[in-house]
Amino acid sequence: MLTLDLTNAPRWHDLAPGVRVQLRPLTTALMVATRSDPVVEAVPEEASDEERAVAFAKALARRAVLAWEGIGDADGNAIDPSPEAIDALLDVWPIFEAFQLTYVSKGLLLEQEKNVSALLPNGPSAGASDTAKPAHPTRAASKPARTARRG
């Protein structure tokens, strides 16, 4: 069952020990805006899937991150989110992976679910017949099954 969160409130996500970000809900509007982001649209056609994923994740994060904790500059001073800082954060591999797993993949799970084909009562296997005879429930096999010979 699909559970709808009607509050649409931002949520905190832990990305690493001591590092968490407050993100907008992953909505259709957010995904559509990210798909039409100039940086995403500028990715060359010959770019790899990985390059596309990084460009998309950074564009999505720039739209979704509202606040964060546990992130600072080279001197250890806390910094606020900015487009450059968000991109730099996602350049850290474990953070990128955590962002993908805790935020992006939740939205993609629904995408994946709708790609599954339902069983059809009149599909190609509807008229198929069984190839084996049903086993008798009270009678044991009279002799062992034949197996392929080893050669």
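Colleague: How many cavities of 30 Å³ or more does a search of the whole structure find?

Modeller: One. This is a predicted model, where local features need pLDDT of at least 70, side-chain atom pairs count only at pLDDT 80 or more, and totals for chains, interfaces and linings use all residues. Residues are numbered from 1 along each chain as its sequence is written, and side-chain values use heavy atoms, leaving out hydrogens and water.

Colleague: What makes the lining of the largest cavity nonpolar?

Modeller: Its residues divide into nine nonpolar, no polar and no charged. They are Leu15, Val21, Ala61, Val65, Trp68, Ile86, Leu89, Leu90 and Phe99.

Colleague: Now Asp37, in the loop between α1 (28–35) and α2 (38–41). Why is Asp37 called buried?

Modeller: Buried means under 20% relative accessible area, with exposed over 50% and partly exposed in between (1.4 Å probe, protein chains only). Asp37 has 7%, so Asp37 counts as buried.

Colleague: What does the side chain of Asp37 reach?

Modeller: The backbone nitrogen of Val39, at 2.8 Å.

Colleague: And which residues does Asp37 touch, not counting those up to four places away in sequence?

Modeller: Ala59, Arg62 and Arg63; touching here means heavy atoms within 4.5 Å.

Key: Helix = DSSP H or I, 4+ residues; strand = E, 2+ residues; numbered from the N terminus. Polar contact = N/O pair within 3.5 Å; in protein donor to acceptor, adjacent residues only side chain to side chain. 1 Å grid on protein atoms, 1.4 Å probe; cavity = no way out; pocket = protein on both sides within 12 Å on 5 of 7 lines; lining within 4 Å. Points joined across faces, edges and corners; volume = space filled by probe spheres on them. Nonpolar A, V, L, I, M, F, W, Y, C, P; charged D, E, K, R; others polar.
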